[in-house]
There are 4 protein chains.
Amino acid sequence: MIPRYTRPEMAEIWSPETRFGIWLEIETLAAEAMENLGIIPEGVTKAVRERGAFEVDRIDAIEREVKHDVIAFLTNVAEHVGEEARFLHKGMTSSDVLDTCLNVQMVRAADLLLGGLDRVLKALETRAREHKFTPTIGRSHGIHAEPTTFGVKLATFYAEFKRARARMELAREEIATCAISGAVGTFANIDPQIEAHVAAKLGLVIEPVSTQVIPRDRHAMYFATLGVIASSVERLATEVRHLQRTEVLEAEEFFSPGQKGSSAMPHKRNPVLTENLTGLARLVRSAVTPALENVALWHERDISHSSVERGIGPDATIHLDFALHRLAGVVENLVVYPENMMRTIDSMGGLHNSQRILLALVEHGVSREDSYTLVQRNAMRTWRGEGNLLDLLKTDPDVKAKLTDEELEALFDLEYHFKHVDTIFERVFGAA
Amino acid sequence: MIPRYTRPEMAEIWSPETRFGIWLEIETLAAEAMENLGIIPEGVTKAVRERGAFEVDRIDAIEREVKHDVIAFLTNVAEHVGEEARFLHKGMTSSDVLDTCLNVQMVRAADLLLGGLDRVLKALETRAREHKFTPTIGRSHGIHAEPTTFGVKLATFYAEFKRARARMELAREEIATCAISGAVGTFANIDPQIEAHVAAKLGLVIEPVSTQVIPRDRHAMYFATLGVIASSVERLATEVRHLQRTEVLEAEEFFSPGQKGSSAMPHKRNPVLTENLTGLARLVRSAVTPALENVALWHERDISHSSVERGIGPDATIHLDFALHRLAGVVENLVVYPENMMRTIDSMGGLHNSQRILLALVEHGVSREDSYTLVQRNAMRTWRGEGNLLDLLKTDPDVKAKLTDEELEALFDLEYHFKHVDTIFERVFGAA
Amino acid sequence: MIPRYTRPEMAEIWSPETRFGIWLEIETLAAEAMENLGIIPEGVTKAVRERGAFEVDRIDAIEREVKHDVIAFLTNVAEHVGEEARFLHKGMTSSDVLDTCLNVQMVRAADLLLGGLDRVLKALETRAREHKFTPTIGRSHGIHAEPTTFGVKLATFYAEFKRARARMELAREEIATCAISGAVGTFANIDPQIEAHVAAKLGLVIEPVSTQVIPRDRHAMYFATLGVIASSVERLATEVRHLQRTEVLEAEEFFSPGQKGSSAMPHKRNPVLTENLTGLARLVRSAVTPALENVALWHERDISHSSVERGIGPDATIHLDFALHRLAGVVENLVVYPENMMRTIDSMGGLHNSQRILLALVEHGVSREDSYTLVQRNAMRTWRGEGNLLDLLKTDPDVKAKLTDEELEALFDLEYHFKHVDTIFERVFGAA
Amino acid sequence: MIPRYTRPEMAEIWSPETRFGIWLEIETLAAEAMENLGIIPEGVTKAVRERGAFEVDRIDAIEREVKHDVIAFLTNVAEHVGEEARFLHKGMTSSDVLDTCLNVQMVRAADLLLGGLDRVLKALETRAREHKFTPTIGRSHGIHAEPTTFGVKLATFYAEFKRARARMELAREEIATCAISGAVGTFANIDPQIEAHVAAKLGLVIEPVSTQVIPRDRHAMYFATLGVIASSVERLATEVRHLQRTEVLEAEEFFSPGQKGSSAMPHKRNPVLTENLTGLARLVRSAVTPALENVALWHERDISHSSVERGIGPDATIHLDFALHRLAGVVENLVVYPENMMRTIDSMGGLHNSQRILLALVEHGVSREDSYTLVQRNAMRTWRGEGNLLDLLKTDPDVKAKLTDEELEALFDLEYHFKHVDTIFERVFGAA
């Protein structure tokens, strides 16, 4: 967790206060169920609800002594609750508390991430609609291909983040389980109804079968999903970085008026936010492999996963959360230069229409080979800087013999490329 | 692709014959749609269906010349079809064919993998039911904890592979799309109805918006899923390797009678299949990171993903497919030694029941501290090899004062631990 | 950085105080060189040495305003130094300070890691010499093979960590460079002699050619090395975990007398330190891929590496440092049970000598096939529990005809296996 | 191994013929040593040298039967050698042959990779010297910064690949070891002198201590090194891709005259080779993590590493080898457009000199604040397209009051930036 890439909402989920608070809630709910089942005396739950409390420092101090975090926590809680506290945790194993708590935290983190994705989606839709028909060159291999619109470009990202959202919901489902099943998952000393009660109250489903722990393939899937989403963040960040290059400058990250350092070199506005997002994507992705390595625990459990999760649990969710909001801000405030986009399209002198001319000639009865020769000889002149392709074609007698000026001009009509933009938008954003 | 870890069914999906066959199908279906729309003359589809053919060698030879695989393919097809072939591929871009084909291959691979998962699931269920009540020690940290049953152990794997199956279905959905949208995804030169037609015929859905390519976050999610499943393979393989250790020997990979090399050292039966699966899991997982790195293509596409996919596409699916079938075989034929499992449980002299005794003493009015002392002094004797815990307790006057021999024996009853096994099985396998 | 896996010595290297302190040192040394070259007035260095100071909070406050860390730092320093401060940083670019500082930190981290490796090596050598001739079974595939000694086992780890040390030294060299070369590395506004002076004073070598930044292949190699070392930590941790399994119990992590929780179940001593090390190894390794992805910066630099390094820089070094010291402690205090090792060797009834018997029979003129049959029939009886192999062979008339009791007993002599232990120790630890 | 990314020289190293050939050499050399030591009869080595042979198909057939590759190999060799063959492999374990062979292959692969690196280095040096003083804009964050030369740019890559070469040599050393130490590395049945003899003859050093296998930290370091080198390949490939973008076009991959597909769109020359290299870098890097996971084998060995190495051994070396030669070709034939580089420099109207003007004004007694205002107001005009900076400054009366036209022109002198290029070249390439 790097403070400058941390939003407090997400950091709070991973704070000791929150963690111990969830532990207390789990213990209290379990006690409630035991009380209902007559396993522990009446009144315990009430006592815990009324007087249950803890202090992080005190827990830490006790842990240094007993070297066991759950025992330290229970000891501290007992200091507040008194006598009734000894009925807490009956028949439970530490992992019942720890693993269910981790899942609660991961579910909450998922909810925040879904919020971040929603903000990104909203920003993308707004800007896509705004630039639905803003022409821009499409590029394959970094080379100009055919025109598209900036709105369509953004629509591809919207669709991608829509998928990201759906994946995040599935990831949330993966870890929204509760296990209170005892030392090796057999419920030897704890009734399954207790698990059911706690699960229901926490908005989780019961883990059908656990060992001592909740199976780590669930967590692996969750972190793998974060990695995929981070890669989508990287794709959008990379697009902005490309568009902001000095030679392209078709869009720019918003640069606040007070922002220092570049007034004497007005071109020196660096895409630092999206470069930063590129790095954050790498960081988030780095959680995937250790999460996969965490799956194959030995027998009913070993504890090797624990140190890994102390790292990647907070780090991957905090950094992705921060990245999503930073990304949303970039999109919301992106400075778009439609005139530069148009300039880019024009810069090739109309060469991107070569193939349309070729097809038109063929349709007017010229053989494929001859059409090719005709187009090529004019295209090469444009490429050498001798004029734009339309003008050259208009003066080429062999072309004139087949295509009128009006027909030629129509072949250079940009709108031709945008006739299905409505369809695409409908597919992506739904009916208008 | 390593031949010895390859099943022919999966290899075939990735063969040049299959790939070109899918290309031909895509081109034919697109032609069919164009013919229906009156874009190309009637009869083209019929001609292609009747005479369409290709030779891999010939395509390779042409590609060496023209350095373009789709053009080479179309040229070769035209040699068979004749005149009508020139209407094929009209308005399409190579990626329309390549990317849709890759998705068809990945869908087929997913179907084979689902088959492999089904075989694993079936084997696990059969063996779990067989050993539903076979007692075995549960281990946390590699240390004996409480008893469980071998059936419950297998049930945890069944539940995990059930999740793996659900994930694989989602991964299949992720890449079951078709894009025929032209050079930058605008349908400038190709009607969206053609895409719809090809998609429907191939059992795919249309890609709502593509650039030149089908977005690679889909593929990333697919490979990430393979990585998670491979990690579950590793968990089961690791379990078997542990059980087959000389000191444990509670289960063993089947060892065919003719299998060489160990008759003079009958204990030297190595768990080579599951060790191999552990390695294959690493190999499959290694596809995840490059797949994530493939997402952020530049602008409307760059072709950096292509070489990666030529590697990980076949490799990850082939190795996981092989691993699933090898794993299923291991489970189907696993030699289980219930008597050794019982011997293991007994080897601790009943120490795993210490906590039950402690609770019983507390319930019979002994203070927690005194109970602890009573249990501990006997437990330590057992640990030093002075007798099993039950016998020692029976002769300890302080214990005798509180618990009868019958009560003590009941506390050592194994069945106690298995009272919820039915519940667990119902949760995992459904009602009997 | 996870507090519980952090030693203060390493944390300090990555603290803001240390970082800004290094910045100040770099700026001061650069000023000194400039003063020597007559580029800035005499007395500046003296002033900075006397009054140079900073406050982390103040720098943070200024940075929030100007959004530039180096400017914030210089402003704060100027508040202390006064007038002369404006000559600091002349012709330098922020990366000159940032990148050289990072390398200083990484060099210091390397030195701490080398110290940790030395402690591990010392512990391994001490314990290896102690158990030079403690017999233990060698295991391949987890199956008993032939005897070795516990000292030889530890020697393999010693040799591995010796290699780790050599690699760490090379990694230190990789990043022990200094670059003060200006905005794009051309020294346009800064004399190369300044770089040479700062480098020499900091114990670094000059970076032969930099862009704006020190090339990131150096850092990649450094983090890759940490990943390899972490994997060696994992191998040793895994060995201990295996040895501590209930069924094996040939060695155990030291368990402090006051350590809670297992007195009633004396066998329940969990190898939590080495399990933790296994997880830490995964965490450290997770730095490798992002470090590799950091290499391909755009043109003369982009800043995507920065957020990555803010994470992996402290995290990977802190966790590996902690892991090395935890590992050293495990080895230093490892409780070794030679009698259990011997019990393990004996548990197979002498089967591990099968092949020696076979060879001896062949040498005594029995055909290979007959020898095999003789050995096999006795080995199978041992395997079935009908007696140890030596006793059975002594009573097998066909064997007796060829080998005397003395000869047979010699074939079961453990010392046979250890005749080259001296040689191995000499190779690994050098002449005694 | 993907055929189209494979050079036959490297593929050959990994062929079955080569592998079995190395096995035969190892067995023969071991026999030679045994013969010298009088362990096996005289004449065996001669017989094997004269008649030793094998057929891959035959070995495969035998392996299908006996399920053991080394036994299959020895059986086949015996079919050729006859009687004497039974003395081969005496006291050896399969891993002695397999692991030493793998190292021989990896050493040979390293030698080929060193050759590839040399070709890249040579190409970089040649082109760097050619363009030592070709001005080009340096870019940070993708934004124009200060001028540098194309030669200096290439020098940064030369220095990086020089480091790559040094790392590759170290990686070669890491795995240039030989182990012939028997079942658990104790030399129980094999004299250490045999290992020494084989090592010397194969140009390897002895492995100081092995278990059954050569320790995998060595291989991990090797593959980690390949990953770092692949990342350097990616950095150079990325640079070329950027330079070839339509908007930049300062350099281009060589495009052979016969190369199809773009004559009608002459700008459509795609940087497909460097895009491909970007993907290959991802593939090579994907070997690093499984190689790290291979280190922690269980006890004296488990065989999980084997399947991994069957994959990454050939794949990573073959793909990196191919990539290096492809990269060298790209550099050798790179089409450089110095005039476009100059056009880029000029495109900002001289804004990249803003800071030099600022400094000059300060040196001529203008206050820092006033200097800033003067520069800024002219820079903003240039940015708005109202003229290049030099012309505007010449007509600004406040500037004229301080700087003459000659002085101003001097401040726009490109050569200023290149005064230390000789120094840089000397550092990188050595004295001229």
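## Where chains A and C meet

Let's start where two of the chains touch: 31 residues of chain A are in contact with 31 residues of chain C. Keep in mind as you look around that this is a predicted model. On the chain A side of this contact, the elements that give two or more residues are α10 (272-285), α11 (288-293) and α12 (304-333). Helix α10(A) brings the largest share, eight residues. Sort the chain A side by residue type and you get eleven nonpolar, 13 polar and seven charged.

How do the two copies sit relative to each other? Turn chain A by 180°, with a shift of 0.0 Å along the axis, and it can be laid on chain C with an RMSD of 0.0 Å. The two copies are thus related as by a two-fold rotation axis. If you want to find that axis in chain A, look for A:Ser286: its C-alpha is the nearest one, 2.8 Å away. The interface also matches on both sides: 100% of the interface residues of chain A are also interface residues in chain C, so the copies meet through the same surface.

## Where chains C and D meet

Now move over to chains C and D. Here the contact takes 62 residues from chain C and 61 residues from chain D. On the chain C side, at least two residues each come from β1 (135-140), β2 (143-149), α7 (150-175), α9 (217-244), α11 (288-293) and α19 (421-429). Which element gives the most to this side? That would be α9(C), with 13 residues. By type, the chain C side splits into 28 nonpolar, 20 polar and 14 charged residues.

This pair can be superposed by rotation too: 180°, with 0.0 Å of shift along the axis, puts chain C on chain D with an RMSD of 0.1 Å. In chain C, the residue that comes closest to the rotation axis is C:Ala224, whose C-alpha is 3.0 Å from it. Again the copies meet through the same surface, because 98% of the interface residues of chain C are also interface residues in chain D.

## Domains of chain A

Let's zoom in on one chain. Chain A is divided into domain 1 (12-90), domain 2 (93-254 + 265-343) and domain 3 (351-411).

An unreviewed UniProt entry places the feature "domain: Adenylosuccinate lyase C-terminal" at residues 349-429 of chain A. Over that stretch, the chain is 64% helix and 0% strand, and its end C-alpha atoms are 34 Å apart.

## The nonpolar core

The largest nonpolar core holds 471 residues. Of these, the ones that touch the most other members are A:Ala323, A:Leu327, B:Ala323, B:Leu327, C:Leu327 and D:Leu327.

Apart from its neighbours within four places in sequence, A:Ala323 is in contact with A:Ala230, A:Val233, A:Leu277, A:Leu280, A:Ala281 and A:Val284.

First up is A:Lys153, in helix α7 (residues 150-175) of chain A. Is A:Lys153 buried or exposed? It counts as buried, because it has 24 C-beta neighbours inside 10 Å and the cut-off for buried is 20 or more. Leaving out neighbours within four places in sequence, A:Lys153 is in contact with A:Thr136 and A:Thr148.

Next, hop to chain B. B:Val209 sits in the loop between β4 (205-206) and α9 (217-244), and B:Val209 is buried, with 24 other C-beta atoms within 10 Å. Not counting residues up to four places away in sequence, B:Val209 touches B:Gly185 and several residues of chain A, including A:Val152, A:Ala155 and A:Ile424.

Finally, check out two histidines. A:His141 is in the loop between β1 (135-140) and β2 (143-149) of chain A, and its phi is near 60°, a positive value in a residue other than glycine. B:His299 is in the loop between α11 (288-293) and α12 (304-333) of chain B, and its phi is near 50°, also positive. A:His141 is buried, with 26 other C-beta atoms within 10 Å, and B:His299 counts as buried with 26 C-beta neighbours inside 10 Å.

Note on methods: Residues numbered from 1 in each chain as written. Chains lettered and ligands numbered in written order. Predicted model: local features only at pLDDT ≥ 70, side-chain atom pairs only at ≥ 80, totals over all residues. Least-squares fit on C-alpha atoms with pLDDT ≥ 70 in both. Contact = placed C-beta atoms within 7 Å. UniProt positions renumbered as here; feature names shortened; annotations may be inferred. Helix = DSSP H or I, 4+ residues; strand = E, 2+ residues; numbered from the N terminus. Nonpolar A, V, L, I, M, F, W, Y, C, P; charged D, E, K, R; others polar. Buried ≥ 20, exposed ≤ 12 C-beta atoms within 10 Å, placed from the backbone. Core = buried A, V, L, I, M, F, W, Y, C linked by C-beta atoms within 7 Å. Domains from an automatic or database assignment.
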